[in-house]
Amino acid sequence: MKKEVVVVGVVATLATVTATVVLVRRWRRSRESRWRRTQRILRTLASQCATPLSKLEQIAEELVVDMKSGLSYSDGRSKLPMIISYVDSLPTGYEGGIYYGLNLSGTEFRASRIQLGGKTARIVNQESITIPIPPHLSVQSSHQEVFDYIAMEVGKFFSTSNENFPALTQGQNKKLGFTYSFPVDEDTTSLESGIKWKKFSINDPEGKAMVDDMNKALETHGVNMQVSAMVDETVGNLVGDRCYNTEVVAAVTLAMGTNAAYIEQKSSVSKWNDPSTTSAEMVIDVEWGNFNSSNLPLTKEFDVCLDAKSSNPGEQIFEKLISGMYLGEIVRLVLLKMAKETALFGDAVPPKLSNPYVLRSPDMAAMHQDTSEGREVVGEKLKEIFEITVSTPMVREVVADVCDIVVERAARLAGAGIVSILKKLGRTDATQKSVVTVEGGLYQHYRLFRNYLHSCVWEMLGSSENVVIENSNGGSGIGAVFLAVSNSKPIQESTPPSS
């Protein structure tokens, strides 16, 4: 009897062990199958986002064609509006005196005053103040009410004096450079609220009306200033950078949004018929975010999904592929697919992974550039942003790989955009030096983005020493001041500095 009991016990134990082994094998096979699906999604993403040299060259050529078309027509035939900025007088770097500027974004404005030193120094003294626009004004008010508020605050700032700057007094009618930039709030609920700002030329009826409204507000509040120029911030950056270096030919913004501006010859701008200026050059606001092409490396699922959420579906495709507003969102959509289809973060999909636009580009950069053992920073960011408390080193590596694929595509497309401007200007193999300045966190604070962009440009142009890409000096609204410089005549010195 005892033997039978022992035998039964052994059989039961063996059955339990066998069942456990079977379950473990099934679990391992399931885990391996899920991992293979994760890798398959990753490979598909990499394939669809690939930017080989041949594709980049096609994109650059198409951009050149669209730029030429945009310079000839104003009737929408071109995807690129190529806005004429009417900034046709650029600083030489030898200007002197005190100048004033204003930069307006969607939620705040920045007032600046700068003392230029003529021959002896570029910027002697500089002072700025950033003031938020009250929510009740930005959501419900008219342009005029916002301008009235700005005029009051600007008047307070410029009327103060210190050891570097005298107060603006009665009888002085100073020029005020005005740039505008509209970073998009990553909270999608704010995309459709507030005052609708749009881009325009200062010589368009709407542009003139905006300038008139601002000048009216300044006069009403006793501020002895007049807006002398009102342009996109990228144009202002270009003007400012020319004050530092007369070899600058273009400026690019790579931040939450993206844009480019460059100096064009008047003879190439067919739609410019203003006989009042004798200048041979004009700054053009490219608005390259509007570019679209069948050659753009779009993913079949994630970019289409992103486009469907947009208030302008089918528009601004280039912008969505390269600007900081959208890069984190593309990464989130990829991770969400992996979580749903491969259980990358466990059997349950982390709820916060379904929240749009929670992954910001600075956090994405921190994960992507994490060099710690086991990608510890990636783990911290997953916990902080998505409340994913458990992740293995292999999972974190996948997250970093997704960031790398999305960012490499973005940076190389931006690089192709820069090359297209140089091609349009005939400066890809020219003997004269061409400097392109770049402003914005994607370029200035995202090292791997910057490295990918540089390598793309050198790959497309060869190791040309005559093409230089460098940080902009005109950011943070300072470009607005230099607009006032370029529109103030006479200047103290007109002899350009030697290169």
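The questions and answers below move from the whole chain to its sheets, helices and single residues.

User: What kind of model is this, and how are residues numbered?

Analyst: Residues are numbered from 1 along each chain as its sequence is written, and side-chain values use heavy atoms, with hydrogens and water left out. Local features need pLDDT of at least 70 and side-chain atom pairs count only at pLDDT 80 or more, while totals for chains, interfaces and linings use all residues, since this is a predicted model.

User: What percentage of the residues of the protein count as buried?

Analyst: The secondary structure comes to 15 helices and eleven strands, where helices (H or I, at least four residues) and strands (E, at least two) are DSSP runs numbered from the N terminus. The accessible surface is about 22,700 Å², with 50% of it belonging to carbon and sulfur atoms, by the Shrake-Rupley method with a 1.4 Å probe, only the protein chains shown counting as cover for residues. Buried means under 20% relative accessible area, exposed over 50% and partly exposed in between (1.4 Å probe, protein chains only). Of the 499 residues, the buried part is 52%.

User: Which strands stand at the edges of the five-stranded open sheet?

Analyst: This sheet has the order 4-3-2-5-6 with mixed pairing, two strands being paired if DSSP finds at least two bridges between them. One side of each edge strand is left without a neighbour in the sheet, because each has a single partner strand; the edges are strand 4 (123–132) and strand 6 (225–232).

User: How many bridges join strand 2 to strand 5, and in which sense do they run?

Analyst: Strands of a sheet pair through backbone hydrogen bonds, either parallel or antiparallel. Within this pair, Gly 101 stands opposite Gly 177 in strand 5. Strand 2 (residues 96–104) and strand 5 (residues 174–180) are joined by five bridges, and the sense is parallel.

User: In which sense does strand 3 pair with strand 2 and with strand 4?

Analyst: Between strand 2 and strand 3 there are nine bridges, in the antiparallel sense, and Leu 104 stands opposite Phe 109 of strand 3. On the side of strand 4, the bridge partner of Ile 114 is Gln 126. Nine bridges join strand 3 to strand 4 as well, and the sense there is antiparallel.

User: Is Phe 109 buried or exposed?

Analyst: Phe 109 has its place in strand 3, a strand that is mostly covered, with seven of its ten residues buried. Leaving aside neighbours within four places in sequence, Phe 109 is in contact (heavy atoms within 4.5 Å) with residues including Leu 102, Ile 131, Tyr 149 and Val 154. The C-alpha atoms of Phe 109 and Ile 133, 24 residues apart along the chain, are separated by 7.2 Å. With a relative accessible area of 1%, Phe 109 is buried.

User: At about what angle does helix 4 run to strand 3?

Analyst: Axes are lines fitted to C-alpha atoms, for helices over the stretch in contact, and angles run from 0 to 180 degrees between N-to-C directions. Helix 4 (residues 143–158) lies across strand 2, strand 3 (108–117), strand 4, strand 5 and strand 6, and its angle to strand 3 is about 35°.

User: Which strands of the six-stranded sheet does helix 6 lie across?

Analyst: The six strands form an open sheet in the order 1-9-8-7-10-11, with mixed pairing. In that sheet five bridges join strand 10 (residues 434–439) to strand 11, in parallel, with Val 436 opposite Ile 469 in strand 11. Helix 6 runs at about 140° to strand 7 (248–254), and the strands that helix 6 lies across are strand 7, strand 8 (258–265), strand 9 (281–285) and strand 10.

User: How are helix 2 and helix 14 placed against each other?

Analyst: Helix 2 (residues 53–72) and helix 14 (residues 447–461) pack with axes 11 Å apart, at an angle of about 85°. Angles of 65 to 115 degrees count as roughly perpendicular, under 35 as roughly parallel, over 145 as roughly antiparallel and the rest as oblique. Helix 2 is therefore, relative to helix 14, roughly perpendicular.

User: Is Asp 66 buried or exposed?

Analyst: Asp 66 lies in helix 2. Apart from neighbours within four places in sequence, the contacts of Asp 66 are Ser 78, Lys 79, Leu 80 and Phe 291. At 10% relative accessibility, Asp 66 counts as buried.
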